[in-house]
Amino acid sequence: MFRAVRVSKDADAPASATLVSISDDDLMPGDVTVDVEYSSINFKDGLALAGKPGVIRQYPLIPGIDFVGTVAASDSDRWYVGDRVILNGWGVGETHHGGLAERARVDGDWLVRLPEALSTKQAAAIGTAGFTAMLAVLALERTGALYGSFEQVHELTTAGGEVPPESGADVLVTGAAGGVGSIAIALLSSLGHRVTASTGRLEEEPYLRSLGAAAVVDRGEFSEPGKPLQRQRWAAAVDSVGGQTLANVLAQTNYGGTVASCGLAQSANLPATVMPFILRAVTLTGINSVQAPRTLRTEAWRRLASDLDLGLLEQITTSVPLAEAPSLADRILAGRVRGRTVVDVRA
């Protein structure tokens with residue numbers, strides 16, 4: 001027997017999360033069994049633990065969209081007992097039992113090897129939020145938006161030259177005090193970019209500057225309807241908010257710039273026009289951490305292990321035992337959780 005947080009729902013009652021004892025027989029099909037060491041609390045996990053609709057598709061279910069641990073049994077050709085592995089996405093915590101348990105059984109194709117430079121706790125602290133932030137940074141790098149003006153990048157790439165690793169480009173990060181935003185700021189600033197952090201909690205300015213933000217602005221600047229094209233301010237942006245905020249960010253993005261969209265904390269709607277795309281050649285790229293292919297996952301975790309300041313990661317990470325995970329739901333949904341929260345499932 002082992003412990004797990006399980007979300008159950010009766011026909012006429014709201015869903016609720018409780019700590020239970022289960023056995024291997026209660027796990028879902030898969031060819032790899034993992035002794036889970038750590039999971040983390042992401043926005044999706046907050047929704048699931050609070051019993052909100054839209055995340056968990058079948059009940060009862062163990063939530064937790066990511067976990068890190070050690071392979072305990074394997075019928076996969078790729079994994080062996082003792083391998084240290086990471087899982088992000090693939091419907092875990094939504095349609096398949098997730099990481100808020102001491103053991104998980106999953107498809108071996110969903111797993112990624114833990115980089116040697118990271119401990120299991122550090123990988124959990126990065127979690128799906130940090131993984132998503134790195135996918136956004138990689139997407140911005142692919143378009144060249146992070147590396148200076150459109151003309152500069154175009155001249156370098158067409159001439160066969162290398163794009164400079166540090167450009168000082170102005171990059172906006174919305175939802176800055178959350179998990180994705182915090183790690184996006186840390187990554188972008190470490191890579192030499194000038195980051196502006198947008199937040200509704202201006203009292204967090206010292207925290208955001210400690211991550212590397214050069215400026216902090218009130219999210220209210222982006223929350224009201226604005227003109228389809230506004231003053232150009234951002235070479236690139238990482239947006240986890242959506243809605244009117246994303247529409248205004250697009251309207252303020254420089255010619256040839258790129259916005260990586262990875263969340264909808266404000267809204268799933270996009271009240272924008274096509275004008276930023278056809279008059280300023282702005283690119284809107286979507287970030288999907290759930291179904292990212294293996295090669296991209298491996299590259300993202302390689303870069304996280306090499307580019308993220310692990311000392312800084314420790315400073316922005318809070319750990320809680322498994323039994324306390326359900327109590328965090330309301331706080332994360334209300335935007336009162338800063339940085340990253342690790343769940344020590346063994347504690």
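In the predicted model, six strands make up an open sheet with parallel pairing, in the order β10-β9-β8-β11-β12-β13. The edges are formed by β10 (215-218) and β13 (283-286), each of which pairs on one side only. From one strand to the next, the twist averages 20°. Within this sheet, β8 and β9 run parallel and are joined by four bridges, while three bridges join β8 to β11, again in parallel. Leu172 takes part on both sides: its bridge partner in β9 is Thr196, and Ala237 stands opposite Leu172 in β11. β9 is mostly covered, with five of its six residues buried.

The helix α7 packs on the sheet, where it touches β8, β11, β12 and β13. The direction of α7 makes about 155° with that of β12; because angles over 145 degrees count as roughly antiparallel, the two elements fall in that class. Nine of the nine residues of α7 are buried, so this helix is largely enclosed by the rest of the structure. The buried set runs through Gly243, Gln244, Thr245, Leu246, Ala247, Asn248, Val249, Leu250 and Ala251. These residues pack against β8, α6 (220-223), β11, β12, α8 and β13.

Gln252 lies in the loop between α7 (243-251) and β12 (253-261). At 4% relative accessibility, Gln252 counts as buried, because the cut-off for burial is under 20%. Apart from residues up to four places away in sequence, Gln252 touches Phe222, Gln230, Arg231, Gln232, Arg233 and Trp234. Pro271, by contrast, is partly exposed, with a relative accessible area of 46%, and is placed in the loop between β12 and α8 (275-279). When neighbours within four places in sequence are left aside, the contacts of Pro271 are Gly243, Gln244 and Ala247. The C-alpha atoms of Pro271 and Thr245 are separated by 9.3 Å, although the two residues are 26 residues apart along the chain.

In soluble globular proteins, nonpolar side chains tend to be buried together. The largest nonpolar core of the model has 57 residues, and those with the most contacts inside it are Ile185, Leu187, Leu188, Leu208, Val238, Trp301 and Leu308. At least two residues of this core are supplied by each of α2 (120-143), β8 (170-173), α4 (179-190), β9 (194-199), α5 (205-211), β11 (234-239), α9 (294-307) and α10 (310-315). The largest share, 14 residues, comes from α2. Another core, of 41 residues, lies apart from this one and includes Ala48, Leu100, Val343 and Val345. Leu308, in the largest core, is in contact with Ile126, Ile183, Ala186, Leu187, Arg303 and Leu313, leaving aside its neighbours within four places in sequence.

The crossing is right-handed. On the α2 side the contact is made by Ala125, Ile126, Ala129, Gly130, Thr132, Ala133, Met134 and Val137, and on the α4 side by Gly179, Val180, Ile183, Ala184, Leu187 and Leu188. With α9, α2 packs at an angle of about 105°, the axes being 9 Å apart; α2 and α9 are therefore roughly perpendicular to each other. Here α2 contributes Ala123, Ile126, Gly127, Gly130, Phe131, Met134, Leu135, Leu138, Glu141 and Arg142, and α9 contributes Leu296, Arg297, Glu299, Ala300, Trp301, Arg303 and Leu304. Ile126, Gly130 and Met134 of α2 take part in the contact with α4 and in the contact with α9.

Most residues other than glycine have a negative phi, and most peptide bonds are trans. Some backbone positions depart from this pattern. A cis peptide bond, with omega about -10°, joins Tyr59 and Pro60; Pro60 is found in the loop between α1 (43-49) and β4 (66-74). Trp90 is not a glycine but has a positive phi of about 60°. Trp90 is found in the loop between β5 (84-88) and β6 (103-106) and, at 26% relative accessibility, counts as partly exposed. Ala281 has a phi near 55°, also a positive value in a residue other than glycine. The loop between α8 and β13 holds Ala281, which counts as partly exposed at 33% relative accessibility.

Key:
Residues numbered from 1 in each chain as written. Predicted model: local features only at pLDDT ≥ 70, side-chain atom pairs only at ≥ 80, totals over all residues. Heavy atoms only, no water. Core = buried A, V, L, I, M, F, W, Y, C linked by side-chain atoms within 4.5 Å. Buried < 20%, exposed > 50% of the residue type's maximum accessible area, 1.4 Å probe, protein only. Contact = heavy atoms within 4.5 Å. Pairing = 2+ DSSP bridges. Axes fitted to C-alpha atoms, helices over the stretch in contact; angles between N-to-C directions. Left-handed = near helix turned anticlockwise from the far one by under 90°. Parallel < 35°, antiparallel > 145°, perpendicular 65-115°, else oblique.
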